[in-house]
Each structure stands twice: as structure tokens, then as C-alpha cells.
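Hi there,

Here is the structure I promised to pass on. Have a look at it first, and then read my notes below.

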Amino acid sequence: MSTASALSSSLKHHLAFGLRFPQNHALCRCNAARLTTSRSFTVAMAATPTSPLEVCVKASVTTPNKLGDCPFCQRVLLTLEEKHLPYDMKLVDLGNKPEWFLQISPEGKVPVAKLDEKWVPDSDVITQSLEEKYPDPPLVTPPEKASAGSKIFSTFIGFLKSKDPSDGTEQALLNELSLFNDHIKENGPFINGEKVSAADLSLGPKLFHLEIALGHYKNWSIPDTLPYVKSYMKTLFSLESFIKTRASTDDVIAGWRPKVMG
Ligand SMILES: N[C@@H](CCC(=O)N[C@@H](CS)C(=O)NCC(=O)O)C(=O)O
């Protein structure tokens, strides 16, 4: 098992058992605020970090010194924004990866975040770690709802890359969107109801890419028969945190070009 997946499964285990406070305070680089409960137990709560969290993200390919079009990076940034954590973005040119970046991310992938003095790759691991270290406000999506919309991204890519209009890839995407439409109709406005949660922060950037890339390369848009998907996207895309962390349309279009051209 890789270090990342071992960490991921350990965190999943902790989250599954409802661990909300850091167990090993020595590992925590944060100010520990003291909270006295009504039964006079004193517990340590993770507060804000003393210095901004460092996170490596994709740089724009169209505009110097701007955030680029990686949906996994936006997911991490959205989590930091929604948890009101200060952060310091390090923009990485993925077309010409600097040596310092390859030292901390041997796979050459973003996002990578510095947690407890260690550079941690993978948005799944980073966001779960952030939930554990900074549980307030909680962003956990209940397990029974966490997979809503989780097949939309892969079916979107299948349709985007497809050169044969009758190969079923459009229908596969429509099927997933339709299931998601039903979920939001029953549970909305967000995946877990009234409040945004981790599953929205993962899916939102992917739907943003879907809208721009399919609009540009296939002149395709979400049909009016799926109004709950449309209203979900509108709600999510207008969150302050989303507007602050989204990629530019030009970057999203440029980012998908190699996949479309095959
Ligand atoms: N499973 C990873 C995926 C990260 C990923 O694929 N990042 C892309 C950018 S969107 C990357 O860094 N690609 C390396 C490259 O383009 O050279 C995560 O969730 O963080």
C-alpha cells in the first residue's frame, strides 16, 4: 500500500468513527484552543494555523501569475476557503515543472499541500486531512450521499473524447446526470441538503469543466429536462468561494484540447 493510500484509509477509518478532534496534539502545528464542555471535560480543538498553509496548484497557461484549470486543485482551495483557513498558493507550470516542485511531488502532480511539515499529494488525502485537523466548520458528507454524482466526471470525459456520435457516450453521461438530478430534487439544494459539503466541493469544479468544455468542443449543454442539475450548478458556481478559486474559461478550454484532439 502506498503512503498516500495508507494515510487515506487511516483517515477514512478515523472519520468513519467520528473522530473530530486531533488525537496527537504534538502533530498539530496549530494554536490549540481550549474548550470546556458542560460536563467540565477540557478538550483541545484545532484552531487556525499560525501561518498560511502552503499548497502547490496548477498555474494558468494563458495568463501569467494566475491560478490554472485543475479541478482537484480547486477542490482543495474550496475546502480551505469554506473552512476559512489562510493559505499560500504556489503556482506550478505543469508544462515545465521546476526542480523544487519535483522534489516535493515526485509524481509531478498537483495539488500538493504542506501538512504537519510534510508535503502531501492527492486531493482526497488532503481534504480528509484538513477535515481532521480543522473540523470546524464540518464539511463531511454522510456516506450514503457521498457518491452522488461521482460517475459524472468519467462519463463526461468519455463523451468529450468520443468521435462517434452513436457510441453511447452521450447517453452514458445523460444517465448519470439524470440520477444526479433525482438526487438533488430529493435532497437539494446541495448534495447533503441546505449546507455545502465535501462532495459538492469535489463535484463542483468537475461540473464547471463539463459545462465549458462540452459547450466549446461539442456545442452541447445540460438539457432543460434536468432542471435540478442546472439549478445546482448555478447555486454552486455563485458561491463566493467558487468564484474566488475557479479557473478562467480560456484555461479550461486549453486544458482539455489535448484530450479532444486525441
Ligand atoms: N488523484 C489526484 C489527481 C491530480 C491530477 O491528476 N492533477 C493533474 C492536474 S489536473 C496533474 O497534476 N497532472 C500532471 C501533469 O499534467 O503533468 C488528485 O485528486 O489530486
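**How H7 and H10 cross**

H7 passes H10 in a right-handed crossing (right-handed if the near helix is turned clockwise from the far one by less than a right angle, left-handed if anticlockwise). Please keep in mind that this is a predicted model, in which local features need pLDDT of at least 70, side-chain atom pairs count only at pLDDT 80 or more, and totals for chains, interfaces and linings use all residues. Residues are numbered from 1 along each chain as its sequence is written.

The axes of H7 (residues 198-218) and H10 (residues 249-261) come within 9 Å, crossing at roughly 65°. H7 is therefore roughly perpendicular to H10 (a term for angles of 65 to 115 degrees). From H7, the contact uses His-209, Ile-212, Ala-213, His-216 and Tyr-217, and from H10 Thr-249, Val-252, Ile-253, Trp-256 and Val-260 (contact means C-beta atoms, placed from the backbone, within 7 Å). Seven of these residues are nonpolar, three are polar and none is charged (nonpolar: Ala, Val, Leu, Ile, Met, Phe, Trp, Tyr, Cys and Pro; charged: Asp, Glu, Lys and Arg; polar: the others, Gly among them).

**Strand S3**

S3 (residues 53-58) is largely enclosed by the rest of the structure, because five of its six residues are buried (20 or more other C-beta atoms within 10 Å of a residue's own, C-beta atoms being placed from the backbone). S3 pairs with S4 (residues 87-92) in the parallel sense over six bridges (pairing needs at least two bridges found by DSSP). Val-57 stands opposite Leu-91 in S4.

Best wishes

Key
Axes fitted to C-alpha atoms, helices over the stretch in contact; angles between N-to-C directions. Helix = DSSP H or I, 4+ residues; strand = E, 2+ residues; numbered from the N terminus. Parallel < 35°, antiparallel > 145°, perpendicular 65-115°, else oblique. Contact = placed C-beta atoms within 7 Å. Buried ≥ 20, exposed ≤ 12 C-beta atoms within 10 Å, placed from the backbone.
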